[in-house]
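Trainee: I would like to go through the metal sites of this model and check each label against its definition.
Mentor: Then ask about the labels one by one.

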Amino acid sequence: MHSQSDIVAVMVGVAVEGPYSYRVPQGMSVTRGSIVAVPLGPRLTLGVVWGPPADMIAHNRLKDIARAYDLPALSAELCELVDWVSRYTLAPPGLVLRSVLRSSEALEPERPVVAYRLSGHAPSRMTDARARVLETLADGMAWAKAAIIGASGVSASVIEGLEKSGALERLSLPAPPVVDPPDPDATAPRLGAEQAAALAAIRNADAGGFGVVLLDGVTGGGKTEVFFEVVADTLRAGRQALILLPEIALTHTFLERFTRRFGTRPAEWHSEMTPLQRARMWRGVLEGTVRAVVGARSSLFLPFRELGLVVLDEEHDGAYKQSDGANYHARDMAIVRARLAGARALLSSATPSVESRNNADTGRYLHVRLENRFASAQLPDITAIDMRETPPEKGSWIAPPVAREVFAALDRGEQALLFLNRRGYAPLTLCKACGHQYQCPDCSAWMVEHRFRGVLMCHHCGHEQRRPEACGACGASESLVAVGPGIERVAEEAAARFPEARTVIVSSDMGSNAQLRQRFSEIAKGEYDLIIGTQLVSKGHHFEKLTFVGVLDADLGLAHGDPRAAEKTFQVLTQVTGRAGRATRAGKAMLQTYHPNHPVMEAMVSGDREAFYAHEIVAREAGGLPPFGRLAALIVSATEQPVAMAHAKALLAAAPLADGLRLFGPADAPIAMVRGRHRVRLLAQSPRNFDLSGYVRFWLGLAPRPSGNLRVQVDIDPMSFF
Ligand SMILES: [Zn+2]
Ligand SMILES: [Zn+2]
């Protein structure tokens with residue numbers, strides 16, 4: 001006879017709506033957070049004990065938990081986070097849990113390292129290879145098998161032969177730690193007066209529990225040094241620290257700075273790690289041997305057991321929004337996790353999101369500013385180049401004043417950057433004989449020419465074709481023309497205009513992350529004079545000799561029907577112009593624009609960021625847009641447009657009335673077709689104090705269920721409006 005306590009709810013890591021009940025077999029002991037394997041259908045599935053069962057299903061219909069892993073239970077705050085993210089984003093909790101249980105290898109005990117040392121007996125037979133092994137081990141210490149192979153250049157069979165002959169003694173050593181624990185006192189911080197004051201303000205506000213700090217400081221103002229000290233405080237207090245970065249794969253300089261400050265590399269968590277590295281790291285975080293992690297967005301779901309601090313560097317960065325699977329925003333969820341864990345959250349940026357800035361203005365967050373550049377470096381002098389008055393020559397993209405500044409920088413032996421946030425050679429290819437425009441067969445988007453690789457490519461689905469010799473519509477040869485610039489085309493113009501300059505293109509098309517890191521370090525060493533880059537170049541890279549930045553299309557982000565278009569443009573322009581003159585040289589930047597009177601351009605030129613935020617906050621409040629209102633997008637897609645539209649209309653008809661709630665659409669999405677699926681959007685807008693997630697869940701419960709190839713995606717707090 002089973003008692004109620006022998007039955008528990010187990011959340012399984014699959015996309016189902018809630019936990020299932022299982023029996024706990026005799027002799028097994030589990031608690032909330034225990035990681036288990038349970039039978040689900042024909043196979044075993046990973047799951048986590050979620051608590052007492054929600055239902056009272058007869059015991060004889062329940063299955064037994066198959067296995068409880070010998071690991072600490074997940075912390076209560078992490079289980080609560082999974083439920084919270086699921087409730088908020090409408091993603092099934094099991095799907096969110098999958099972000100936690102990322103590595104099944106991590107659940108098995110770590111295999112010990114096989115090692116050998118000399119036994120003191122000589123082998124019966126001696127060979128050259130055997131002699132080399134004995135020489136390697138002559139220090140009398142135990143050596144890992146792999147290390148012996150590496151040091152003596154023999155095969156494993158030589159070592160095994162020596163073991164059989166009794167000359168070597170085999171040992172099992174515990175695996176070395178993933179990383180050495182960081183030492184908060186490895187080096188003394190060297191802070192300027194303003195940084196020290198910022199740190200003091202952060203420490204004063206620390207009540208030992210939840211709290212959010214916005215560290216708001218100019219590029220080069222020394223924010224990293226300040227938050228490293230908050231990390232050190234966290235480590236001294238015996239708690240774990242997490243630092244989230246938007247582009248972890250390219251931030252080796254950040255890792256080096258961490259190593260200098262804390263005497264050891266941080267544990268890393270990102271897509272370039274091997275499965276074994278991930279497994280060891282995950283386990284180390286859960287067992288508490290890993291004290292500080294530097295990671296990408298997904299490290300938010302690591303199984304910390306005593307989380308004390310979450311830092312989000314470049315908190316405004318769009319890379320923090322996850323847009324497949326669970327549509328969560330890592331910044332917002334990091335703050336939720338900090339609250340659940342009784343930890344601090346520290347958001348760092350030179351250009352905070354309007355949301356965070358408003359939370360600081362209204363006192364929800366502690367607002368700490370760094371207004372001076374460190375080491376007396378100057379902010380760049382920025383001018384707008386009115387493209388109506390001084391346009392580039394026909395067929396070129398670099399306006400005369402910008403070209404003059406590039407020449408001047410090159411003459412001084414310094415570096416210049418030409419920035420255009422558009423990959424490839426040209427955004428549109430058309431036939432001048434018949435007017436045919438090359439479109440992706442599966443998306444409503446133009447094919448972008450990548451001349452470097454000789455292909456036309458769709459930037460929405462990745463579809464590629466060779467650049468044709470003749471027009472595919474009329475057959476005319478040599479009739480295809482490239483329309484508009486991408487950075488490859490700018491590079492072509494630069495090569496003609498500045499033939500003496502050593503030029504490099506920086507974009508995500510230009511190779512692997514390792515190759516990009518190589519390029520960045522070559523640029524930093526001054527091996528190039530002229531850099532032509534996309535947004536990739538604007539992220540946190542310090543180039544000592546770079547003194548001029550020319551932005552070739554400052555208006556590029558403004559035209560979109562995106563409520564954050566002005567904010568995103570302001571952030572990109574601030575970041576890229578901030579590359580100029582970071583060390584002791586004063587920098588200059590020029591913005592090529594058709595809208596020199598736009599509030600973003602005026603704020604850039606006057607250096608008055610406060611004016612930008614003031615203007616933007618007023619506009620958002622007037623429109624009821626975030627952070628003064630909430631948005632949720634429903635994207636209905638199907639292989640046939642009328643099917644998608646009909647379902648979207650049925651959704652709209654089923655929407656319950658609610659005070660203050662407004663619905664927009666349905667309308668074809670700006671990119672109406674992606675990967676062969678037609679997309680129709682609905683947008684819900686509500687006041688800030690309205691449970692929009694709850695409303696959408698209720699709404700979808702009343703609405704007809706999608707069938708056939710129809711799909712309805714829910715995006716709470718959408719960041720993208722395509
Ligand atoms: Zn043609
Ligand atoms: Zn496509």
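Predicted model: local features only at pLDDT ≥ 70, side-chain atom pairs only at ≥ 80, totals over all residues.

Trainee: Which residues count as donors of the zinc ion (ligand 1)?
Mentor: Donors are N, O and S atoms within 2.8 Å of the metal (3.2 Å for Na, K and Ca); water is not among the atoms, so sites may look incomplete. The SG atoms of Cys431, Cys434, Cys471 and Cys474 lie 2.2 to 2.4 Å from the zinc ion (ligand 1) and are its protein donors.

Trainee: Why is the site of the zinc ion (ligand 1) called tetrahedral?
Mentor: Four donors count as tetrahedral if all angles lie between 85 and 135 degrees; four count as square planar and six as octahedral if opposite donors are over 155 degrees apart and all others between 65 and 115, and anything else is irregular. The 4 donor atoms of the zinc ion (ligand 1) give angles of 107 to 111°, and the site is tetrahedral.

Trainee: How are the donor residues of the zinc ion (ligand 1) spaced in sequence?
Mentor: The spacing is C-x2-C-x36-C-x2-C. Cys434 lies in the loop between E18 and E19 and Cys471 in the loop between E21 and E22, so this pair ties together parts 37 residues apart in sequence. Helices (H or I, at least four residues) and strands (E, at least two) are DSSP runs, numbered from the N terminus.

Trainee: What does UniProt list for these cysteines?
Mentor: An unreviewed UniProt entry lists Cys431, Cys434, Cys471 and Cys474 under "binding site". They are spread over 44 residues of sequence, yet their largest C-alpha distance is 8.6 Å. UniProt positions are in the numbering used here, with feature names shortened, and annotations may be inferred rather than shown by experiment.

Trainee: Why is Cys431 called buried?
Mentor: Buried means under 20% relative accessible area, exposed over 50%, and partly exposed in between (1.4 Å probe, protein chains only). Cys431, in strand E18 (residues 428-431), has 1% and is therefore buried. Cys471 is buried at 5%, whereas Cys434, at 39%, is partly exposed.

Trainee: What is Cys431 in contact with?
Mentor: Contact means heavy atoms within 4.5 Å. Leaving aside neighbours within four places in sequence, Cys431 is in contact with His436, Cys471, Cys474, Ser479 and Leu480. On the same terms, the contacts of Cys471 include Cys431, Cys434, His436 and Tyr438.

Trainee: What makes the arrangement around the zinc ion (ligand 2) tetrahedral?
Mentor: Its 4 donor atoms subtend angles of 108 to 112°, and the arrangement is therefore tetrahedral. The donors are the SG atoms of Cys440, Cys443, Cys458 and Cys461, at 2.3 Å. Along the chain they follow C-x2-C-x14-C-x2-C. Cys440, in the loop between E18 and E19, and Cys458, in the loop between strand E20 (455-457) and E21, are 18 residues apart and link distant parts of the chain.

Trainee: Are Cys440 and Cys443 buried or exposed?
Mentor: Cys440 is buried, at 3%, and Cys443 is buried, at 1%. Contacts of Cys443 beyond four places in sequence include Met673, Val674 and Arg675.

Trainee: How many disulfides does the whole structure hold?
Mentor: A disulfide is a pair of cysteine sulfur atoms within 2.5 Å. The search of the whole structure finds 0.

Trainee: Which domains does the assignment give?
Mentor: Among them are domain 2 (113-173), domain 4 (377-422 + 486-617) and domain 5 (424-484). These bounds come from an automatic or database domain assignment. The centres of domain 2 and domain 5, taken over C-alpha atoms, are 62 Å apart.

Definitions and conventions: Residues numbered from 1 in each chain as written. Chains lettered and ligands numbered in written order. Heavy atoms only, no water.
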